[in-house]
Amino acid sequence: MRKKYQRVIEIEKCQQAVMLARVSSRKQERGASLDAQVESIQAYCHRNDLTIVEPTPKAFVFTESSTRGGRKKFNEMIDFIEHQKRKTAIVVHTLDRLQRGFGECEKIKELLKADKIEVHFIQEALILDKFSSDDDFTRYDFGILSAKLYLTSMNRNVRRSQKHNREAGLWQGLAPIGYLNAKDERKRATLILDPERSPIIKQIFEEYATGDHSIQSVWKSALDKGFTSKEPNYNPRSKNFGKRCPVSKNKIHDILTNPFYYGCMYVADEEIDEKTKKPIKTFYKKIQHAYEPIISKELFDKVQTILKSKNKENFCKEQKYAGIPFSLRGLIKCECGCMMTPERHKKKGNIYTYLRCPHRNKDCKQYLVPEETILNQLNQEIFQKIRISPTMHELLKTSIIQSLEDEKKINANVRKKITDEIFMVDSRLERLWESYLDRVIDKPKYEAEKEKYLTQKRELEEKANKYTDITKELKENVEKAINFVADVSNLMEVASPDDKNMLLKRLLDNCVLHGDTLTYEIKAPFDKLISCHNYKQWSNVALDNLDEFEQIKL
């Protein structure tokens, strides 16, 4: 007889690691956060026999925002790992130290798929590698989403505080040159005149207002009086490290066009949509601040007149941004079969997002459709119908988990009875075979009886399959699906365009645009839950569709 051999897949054991410890600001860096992270990571690596390899000691212990800038240090770490000949573990204390958004997921998952890395999250007790289960990646995705939503909530609170301060005419942040950050008698942040630089700034305005000076001449005059930057140079590579540098000529133009010096300041504000309560436009407005001015309004206006006559730039400049994410990118097709492309249009100073068909089919008559139209349709047809309070959500979870436990016990009892019946049929088949060997029955009777017992056995096995074994993984899948459907309405209200895109792709399928109306399918088993408006029946929905919940991938 030919032997069968089973292929053995050798998995490289990860024996080296890089430690990633991060804080978001210099203020956090001065605390114990970085040291605590490093200590935790080193202890973890020691326990798990992981050798820390780095280009330099603590190369990836750094201060860097996870939401602003190009994540230079993070990219340096990825580049270092890609040049390693052996598989390397990225060890971080918590998931949000690695990332607080989905921007880096593609690169991380690409390296995981290539078996170049493992990712160890100490606090979450989660290890990701090439062979991690869908549940582990779901925990990873939801961890990022939670961090993203926390960041969104925190930013909203900060914006609310900033708005209150703006309305009170209070400056936020580092004081403009000519002023100093200080504390008033109630220990609140305020600004006071800089005794060294405010007189020089006043002289700059007075000299330029005569019309006899250029920006260069008043700049040189200011340098002769010792006009330097307020803060020392923090660049360790600079020859002027730790010293106050002379103010640049460009800074003189900024000073001459800054209304702060006569008592006003520009602040960013947002126009809020009355229906959605979301910002639709950002603009700058000028308000009066609460601090002592250096010059008069008349002197400032005279300087602006001279600047305009020389074709100089105004104070505020409109800035353009690229790489803007869209909520419906890659989700909707036109009825002609082409993928709809999101794009932004500017009308009367406002920016709107539209979906456009590329019209590869010349007979296609699809027109531009506002993204907001589609989102409003989905909100009315889906999200408004599944708004669930936190209290109801918890009661639902408790009820459904209890129902699954009860069903598990019932299924186990029924399956045991069916298994006993199958055992009896097998015993009869064995006795039938013995009767045929002993020539008690002839072959035609044996074949007929055998077919009858086999049919009976198949029917019992099909019946047993209906009573699914409710495993721990299946219960977790049901709970995740319930949580997703219960939370998706609230998540859509606060999520960024990227996160909305992720949520909609998990929920919807076969999205086709007909004019300005979207047809779509809700993916199983979410369709069963959403179509059942009586939340108390969700436990029955889950029990009736356990096979769909078993296959779910969140």
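At 3% relative accessibility, Arg197 counts as buried, where buried means under 20% relative accessible area, exposed means over 50%, and partly exposed covers what is in between, with a 1.4 Å probe and protein chains only. The model that holds this residue is a predicted one, in which local features need pLDDT of at least 70 and side-chain atom pairs count only at pLDDT 80 or more, while totals for chains, interfaces and linings use all residues. Residues are numbered from 1 along each chain as its sequence is written, and side-chain values use heavy atoms, with hydrogens and water left out.

Arg197 belongs to the loop between strand S8 (189-193) and helix H7 (198-209); helices (H or I, at least four residues) and strands (E, at least two) are DSSP runs, numbered from the N terminus. Once its neighbours within four places in sequence are set aside, Arg197 is in contact, that is, has heavy atoms within 4.5 Å, with Ile177, Gly178, Phe227, Thr228, Ser229, Lys230 and Arg244.

Two further buried residues can be read in the same way. Asp141, in helix H6 (residues 134-167), is buried with a relative accessible area of 9%. Its side chain is joined to that of Lys109 by a polar contact of 3.4 Å, a polar contact being a pair of N or O atoms within 3.5 Å, of which, within protein, one must be able to donate a hydrogen and the other to accept it, and for which residues adjacent in sequence count only if both atoms are side-chain atoms. Leaving aside neighbours within four places in sequence, Asp141 is in contact with Phe102, Lys109 and Arg506. Ile90, in strand S4 (residues 88-92), is buried with a relative accessible area of 0%, and its contacts beyond four places in sequence include Val18, Met77, Ile81, Leu98 and His120. Ile90 and Ile52 are 38 residues apart in sequence, and their C-alpha atoms are 9.7 Å apart in space.

We turn next to the aromatic rings. Rings of Phe, Tyr and Trp (its six-membered ring) pair if their centres lie within 6.5 Å, and planes under 30 degrees apart count as stacked, over 60 as edge-to-face and the rest as tilted; by this rule there are 12 aromatic pairs. In one of them, the rings of Tyr262 and Phe300 have centres 4.8 Å apart and planes at 45 degrees, so the pair is tilted. Because Tyr262 lies in the loop between helix H9 (249-256) and strand S9 (264-272), and Phe300 in helix H10 (residues 297-309), the pair ties together parts that are 38 residues apart in sequence. Tyr262 is buried, with a relative accessible area of 10%, and Phe300 is buried as well, with 6%. Both rings belong to one aromatic cluster, formed by Trp171, Tyr179, Phe205, Phe260, Tyr261, Tyr262, Tyr291 and Phe300.

S12 and S13 are joined by 7 bridges, and Thr341 stands opposite Arg356 in S13; their hairpin has 2 residues between the strands, and in it Lys348 takes a positive phi near 50 degrees. Strand S13 (residues 350-356) is joined to S14 by 2 bridges, with Leu355 opposite Val369 in S14.

The other open sheet has 3 strands in the order S11-S15-S16, and its pairing is mixed. Here strand S11 (332-334) and strand S16 (517-522) are at the edges, each with a single partner strand, so one side of each is left without a neighbour in the sheet. The twist averages 25 degrees from one strand to the next, angles running from 0 to 180 degrees between N-to-C directions of axes that are lines fitted to C-alpha atoms, for helices over the stretch in contact. S11 and strand S15 (residues 508-514) run parallel and are joined by 3 bridges, with Lys333 opposite Val512 in S15. Helix H11 (residues 371-381) packs on the sheet, touching S11, S15 and S16, and its direction makes about 50 degrees with that of S16. Helix H15 (residues 497-507) lies across S15 and S16, running at about 100 degrees to S15.

Key:
Two strands pair if DSSP finds at least two bridges between them.
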